[in-house]
Amino acid sequence: MKILKNSLLLVVIGYMAWMMFNLYKDYDSRTALNDTASYYAEIGPDETGAANLVTSVVVTYRGLDTLGEVTILFLTAAIIGLLLRTEKGSRLVPLRASSEFLITAARVLIPMITLIGVYIFINGHLTPGGGFQGGAVLASTFILLLISISNKKLGHRVLEFTEAISGFSFVLIGILGIILASGFLDNHILPLGKFGTLFSAGAIPVIYSLIGLKVGAELSTIILEFNQIQGKEDEVS
Amino acid sequence: MKYLEIEYISVIAGFLLLVVGLWGIISQKNIIKMIISFSIIDTSIHLLLVAIGYIRNRTAPIIDSAVNKSEAVNQITDPVPQALVLTAIVIGVGITALLLTYALKLFRQNRSLEINQFNSLKW
């Protein structure tokens, strides 16, 4: 029985590997951009005003994708909250207090890491970076806060409020694009400004900052949910 | 030697990681190991996408002192796969978090993470 199972596994994996090899065989490195990418490279900087073309693709040309993605992240956080908050028969286990080193280091580091996160998502249209990366950095601040000051209540409320407000504003800016400019999530509702400066690219920095806040709040919610169950131990077993 | 260039190495590494991850999902009995295999597949696909968008001797798709605005078409790599990977990473984080939550719930119910112990739907 075991031999049969293993040989079946080998056949399946071998078949997969053969399929992958066929895909690899036809692969040839590219020497030029395709039509879509050429359009983004030629027209993109003038049309959107963003120096970082990846940002112009993520926020403007494929902005609807990004909206859907942020929605998926919100759904994930909501489902995790739903699954983990309905723990029955659990009692609180007292956690060991954080050490002096950790608390002091966290007090020094938290403002700096927050500043880096905000810098990353505000400059998303100029430098490598953007809302998702900056949001992840903000969530890492939250982890530090959680492990250093674990006895204090960290509010769900603030996170939910941030998340809701930024998500709502994101959709609102998208709808403003329909009214004031040529389409949903169009960034021409604000003046494009001088190319390559902080206040340029129309609504892109605003949208990316909102995405950054939203992603940071959602990742923090997920971490908070996971953190809250570690202090509980269920009675069964 | 053509096949020692970075994009060929990246593509073959991506496919290898994909096969390794599939093997892990099929053969492993522990749920945590299956989740790790899923993450390996996730990473392999990111690697593949970025490798496919890469063009040799070109730079990142950001217009600055290194890239001339009018010459950008001949100087930058493909921005679209990079944007897609940016999306995929975040979705991957969300899915991994969900999988871990389900694993936790299963552990709470059966006090076990071995997939063989979950036989309530087996006949």
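Start by selecting Asn57(B), which counts as exposed because it has 7 C-beta neighbours inside 10 Å. Helices here are DSSP runs of H or I with at least four residues, strands are runs of E with at least two, and both are numbered from the N terminus. Look at the backbone too: Asn57(B) has a positive phi of about 60° although it is not a glycine. Most residues other than glycine have a negative phi.

Before you click on, note that this is a predicted model, where local features need pLDDT of at least 70 and side-chain atom pairs count only at pLDDT 80 or more, while totals for chains, interfaces and linings use all residues. Residues are numbered from 1 along each chain as its sequence is written, and chains are lettered from A and ligands numbered from 1 in the order in which they are written.

Next, go to Arg111(B), in the segment after helix 3 of chain B. Arg111(B) also has a positive phi, about 55°, although it is not a glycine. Is Arg111(B) buried or exposed? It counts as exposed, with 11 C-beta neighbours inside 10 Å.

**The helices of chain B**

Now select residues 6-27 and 31-53 of chain B, which are helix 1 and helix 2. They pack at an angle of about 160°, with their axes 8 Å apart. Axes are lines fitted to C-alpha atoms, for helices over the stretch in contact, and angles run from 0 to 180 degrees between N-to-C directions. Helix 1 and helix 2 of chain B are therefore roughly antiparallel to each other. (Angles over 145 degrees get that label, those under 35 are roughly parallel, 65 to 115 roughly perpendicular, and the rest oblique.) Helix 1 of chain B passes helix 2 of chain B in a left-handed crossing. Left-handed means that the near helix is turned anticlockwise from the far one by less than a right angle, and right-handed that it is turned clockwise.

To see who touches whom, colour the contact residues, including Leu17(B) and Gly21(B) of helix 1 of chain B and Ile40(B) and Ser44(B) of helix 2 of chain B. Two residues are in contact if their C-beta atoms, placed from the backbone, lie within 7 Å. By class, this contact has 15 nonpolar, seven polar and two charged residues. (Ala, Val, Leu, Ile, Met, Phe, Trp, Tyr, Cys and Pro count as nonpolar, Asp, Glu, Lys and Arg as charged, and the others, Gly among them, as polar.)

**Where the chains meet**

Show both chains. The contact takes 42 residues from chain A and 39 residues from chain B. On the chain A side, helix 4 of chain A gives the largest share, nine residues. By class, that side has 29 nonpolar, seven polar and six charged residues.

Zoom in on helix 3 of chain A and helix 3 of chain B, whose axes come within 9 Å and cross at roughly 60°. These two helices are therefore oblique to each other, and their crossing is right-handed. Among the residues making the contact are Leu53(A) and Val57(A) from chain A and Val80(B) and Leu86(B) from chain B.

**Into the core**

Stay on Val57(A), which counts as buried because it has 28 C-beta neighbours inside 10 Å. Leaving aside neighbours within four places in sequence, Val57(A) is in contact with Tyr40(A), Arg62(A), Pro79(B), Val80(B) and Ala83(B).

Which residues touch the most other members of the largest nonpolar core? They are Val57(A), Ile207(A) and Ile211(A), out of 53 residues. A nonpolar core is a set of buried Ala, Val, Leu, Ile, Met, Phe, Trp, Tyr and Cys residues joined through C-beta atoms within 7 Å. Helix 8 of chain A gives the most to this core, with twelve residues.

**Last stop: chain A as a whole**

Zoom out to chain A, with its eight helices and two strands. Of its 237 residues, 34% count as buried.

How values were computed: A residue is buried if 20 or more other C-beta atoms lie within 10 Å of its own, exposed if 12 or fewer, and partly exposed in between; C-beta atoms are placed from the backbone.
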